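Could you walk me through this protein and the RNA strand modelled with it? I would like the overall layout, the RNA surface and a few telling side chains.

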Amino acid sequence: MTGSCVRAKVRAFSRAGSGLRATLAGYGKSLMTTERYNAREAEPRWQAEWEKRKLFETAATSEKPPYYVLEMFPYPSGRIHMGHVRNYAMGDVVARYKRAKGFDVLHPMGWDAFGLPAENAAMERKVHPKAWTYENIATMRSQLKSIGLSLDWSREIATCDPDYYAQQQALFLDLLEAGLAYRRKSKVNWDPVDNTVLANEQVVDGRGWRSGALVEQRELTQWFLKITDFAEDLLGALDDLPRWPEKVRTMQKNWIGRSEGLLVRWALANPADATEIQVYTTRPDTLFGASFLAVAADHPIAAARAQSNPALQAFIEECRRAGTSAAALETAEKMGYDTGLKVRHPFDPAIEVPVYVANFVLMDYGTGAIFGCPAHDQRDYDFASKYGLPIVPVVAPQGADAQALVATHAYDGDGVMINSRFLDGMTTDAAFEEVARRLESATLGNAAVAERKVNWRLRDWGISRQRYWGCPIPVIHCESCGPQPAPRDSLPVLLPDDVSFDQPGNPLDRHPTWRDVACPACGGPARRETDTMDTFVDSSWYFARFTAPRAKTPTEKTVAGRWLPVDQYIGGVEHAILHLLYSRFFTRAMKTTGHVGVDEPFAGLFTQGMVVHETYKDAAGEWIAPAEIAITEADGVRRAAKIGSGEPIEIGAIEKMSKSKKNVVDPNDILETYGADTARWFMLSDSPPERDVIWTEAGVEGASRFVQRVWRLANEAPMAPVEPEAFGDAATALRRISHGALARVGEDIERLRFNRCVAAANELANALGQSLANAPSPESDLAFAQREAAEHLVRIVSPFMPHLAEEAWAALGHETLIAESAWPKADPALLATDTVTLPVQVNGKKRDEIVVSREADSASIEKIVRELAAVTSAIGDKPIRKIIVVPQRIVNVVA
RNA sequence: GCGGACGUGGCGAAACCGGUAGACGCACGAGACUUAAAAUCUUGCGCCGCAAGGCGUGCGGGUUCGAGUCCCGCCGUCCGCACCA
């Protein structure tokens, strides 16, 4: 540590800050001091610098290749939480890295700003939803800015901005014209006390979450989007999304739920209100095992029979009541009511089976009616057992006794047909085909008995919400003309500001000056649609809007074409199904209506894990916040005690941060204590990004130490000498590490393996620290290698800790911003060594290792190995049977 | 019930295509510096054993010269869906 420490380390802008001084012990040759890095002072300064230079604003045009990285935009709930920090830190690493790699990066941010919490706040605290929302946005925006994210704030949008929802309304009209939006009656959860519609999650145990009233099912006419038109494509295209997690694709597949089966008509033996019942089945092969038919409580046949049968009517009502509670459904026992009707088997009119109304049959799947084959379906088995119906096995599994198998439970696997007349001996697959073929050509009345049918679990998307704080549906209802689209030039249909929330229900419904308008077709008196859109609509196209956020049309198609699909989308798994599926649908719908040119919105998807924290409880069982306790450790046992009183506190499970369990850590506190860089670094250390990360005080401290370490190393590194002609061993060794780390980190960021980047940075810091302890003369090859390593280290951490990186970059003597400089290329010559260390195994156990030239041939390696003492002693007097040499990997001696 | 993921030191984890298990960090131990503390630096740290050595990636089998990795069967944890006919 000679020459290099003489130069002034303290830059004009790095003030004395905390006044703490780090003393470097070194080897006593010299004493050098460096100011501690002061994040609180430096971070706002660099943020202002980036903003001044508009570094992260994406220009309209660029020669560079485009790269669109997006994190799921937040709901403006009031304050950001650690989950946001982690999510946005990940996206920011990618954005900053890609920028340094020469891409034109689009990295925008906005607000998913409509939704129920704003109305709840209005009711509870008498603030207007708009004021509440925009205040929250202002708070959260400044919080996000303090994290130092490289976002293009000039593109900021909030879905509650009239500019945004005007375009959403235009899109809705396009969908209406394209036949992708329509109205029909549908059931809603109705709270009779609050006089309002409830979302499913607002129904708790069959009661309204706020009022506690028993929830009723009501029929309302609502708007739907035809997502089912795209069901086949939404399913099939999942296979073309290799950069999506397998898990998410599987969840979507299950959600879409494609099944292939047969619609089969069963003639009633005693025709009453109908002459037949149509059922849907995916197991026509088991038709000869049928012992009953069952229809849903809401099935027309059930309703018709109930007219003259009060007991059946009572049963139907009981089914409906039980149906409101999801919890009850799970445990509900199978129950049925015999209608007295009989139907004839499609293959043999002599066989008659009874028709039940059953509580486990769903009206909105298939035809709302099933045939029961107890031997091969567990639900039917339970039902048949209860009501004493026959259980006839018709499928024999390979090498098992069908009758014995069916004694205890249903068998739903494949096998060979039995007890099935002409199907006997066929496989289940062949029997399926045979039944389909025969019934398609058989007739009942003057139509085929059966037809093949592909069925979907996916339903059309009901978007009507009887709410104020949402995007108004731009439709006007006229008694004589019916529903009319609002004229395009009248958009946006603005939400009125003068509303009150002092009574239940939707304020739009009781706002005459807003609600009552002239019919655009006939000019007569008409009413606006007072429903607003599901907020999932808002988030189904915001990623497209970001490409031209101020356009007077929903998108600018050519600009959207340049950016879409999003190259890397990052967010929580909780959106694996709805948000992502709706976005995929919406993108297709927008393509149909000419707004974008792609089908898929997100080429790459990454779902990050949560931020979790230990929980703490006092003796009374009350949750205690982490800030209120102190942890001590003795003899390997961790104990918690309340600060102040010293009361012992129980350390509970590690759980997702939540207010109710008080195990939240406020990002603001962390930013004030440690700074954004430390928080960002810790969030991406340790745990792989897709897994949960445990927030610990010790972990943050570790990250904070590393921040100071990088700062010290950057300051200790010698000034740049001229690159020498040749490098000695020590310099080359260091260069191998620093170039290797550079290459590794680049690859790992591409694969979003941030925890490995952190490890690589640590290794490089260790190596550089060791090297600096043996200070070379300032002009030496080693000095060059050290300086280069310091620069690589700063470069490597720069996407993660951008403020520190700028400060260190300046300390290294650079006059440019690191945010504007290119990612250096690792020297390929330094990434490959000319010698390799080969482990030597004897019978698969490692005994020694040898260092050989990279090109060493097997014969010469064998020769060396045979003479190794470790080898000869390990094999004793046994003969060597063979020697396996895997070039550049390993040697195994088999004796 | 169905579907999926995972299981590695005291802890978070790493280990590419089957090739040195435990990189890196945390915690902990020892030492240096210090009046002292913090910070920093050096060093140790899977288990058993004084050592030589043995054992070790949830458990039991298998394939292989070689298995954390592949195959079969269990056990456990987590997540998603849940009467979808």
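Here is a short tour, from the whole chain down to single residues.

## Ground rules

This is a predicted model, in which local features need pLDDT of at least 70 and side-chain atom pairs count only at pLDDT 80 or more, while totals for chains, interfaces and linings use all residues. Residues are numbered from 1 along each chain as its sequence is written, chains are lettered from A and ligands numbered from 1 in the order in which they are written, and side-chain values use heavy atoms, with hydrogens and water left out.

## The whole chain

Chain A contains 28 helices and 40 strands; these are DSSP runs numbered from the N terminus, with helices (H or I) of at least four residues and strands (E) of at least two. The C-alpha trace of chain A spans about 105 × 90 × 65 Å along its principal axes.

Of its 895 residues, 51% count as buried, where buried means under 20% relative accessible area, exposed over 50% and partly exposed in between (1.4 Å probe, protein chains only). Contact means heavy atoms within 4.5 Å. Among the contacts in chain A between residues at least 6 apart in sequence, 70% join residues at least 24 apart.

## Around the RNA

RNA strand B is surrounded by 48 residues, and the closest are Thr282, Lys334, Tyr365, Arg379 and Arg756. A residue is near the strand if one of its heavy atoms lies within 4 Å of it. Sugar and phosphate make up 61% of the atoms of RNA strand B that come within 4 Å of the protein. By class, the surface near RNA strand B has 17 nonpolar, eleven polar and 20 charged residues. Here Ala, Val, Leu, Ile, Met, Phe, Trp, Tyr, Cys and Pro count as nonpolar, Asp, Glu, Lys and Arg as charged, and the others, Gly among them, as polar.

Which side chain has an N or O atom 2.9 Å from a sugar or linking oxygen of RNA strand B? That is asparagine 762. H23 gives the most, with seven residues.

## Salt bridges

Side chains of opposite charge can pair when their charged atoms come close. The structure holds 44 salt bridges, each being a side-chain nitrogen of Lys or Arg within 4 Å of a carboxyl oxygen of Asp or Glu. In one of them, arginine 155 meets aspartate 152 at 2.9 Å, N to O. Arginine 155 is buried at 9% relative accessibility, and aspartate 152 is buried at 0%.

Another salt bridge pairs arginine 488 with aspartate 174 at 2.6 Å, N to O. Arginine 488 lies in the loop between strand E26 (482-485) and helix H14 (512-515), and aspartate 174 in helix H5 (residues 162-177), so the pair ties together parts that are 314 residues apart in sequence. Arginine 488 is partly exposed, at 38%, whereas aspartate 174 is buried, at 14%.

## A buried glutamate

Glutamate 43 sits in helix H1 (residues 39-52). Glutamate 43 is buried yet has no salt bridge, and the nearest side chain of opposite charge, arginine 680, is 7.9 Å away. For charge, Lys and Arg count as positive and Asp and Glu as negative; His and the chain ends are not counted.

What lies 3.0 Å from a polar atom of the side chain of glutamate 43? The backbone nitrogen of aspartate 677 does. Leaving aside neighbours within four places in sequence, the contacts of glutamate 43 include Tyr37, Ser146 and His803.

## Leucine 341

Leucine 341 is placed in strand E15 (residues 336-345). At 3% relative accessibility, leucine 341 counts as buried. Proline 354 is 13 residues from leucine 341 in sequence and 6.0 Å away in space, C-alpha to C-alpha. Beyond neighbours within four places in sequence, leucine 341 is in contact with residues including Leu268, Ile301, Val353 and Pro354.

Conventions:
Polar contact = N/O pair within 3.5 Å; in protein donor to acceptor, adjacent residues only side chain to side chain.
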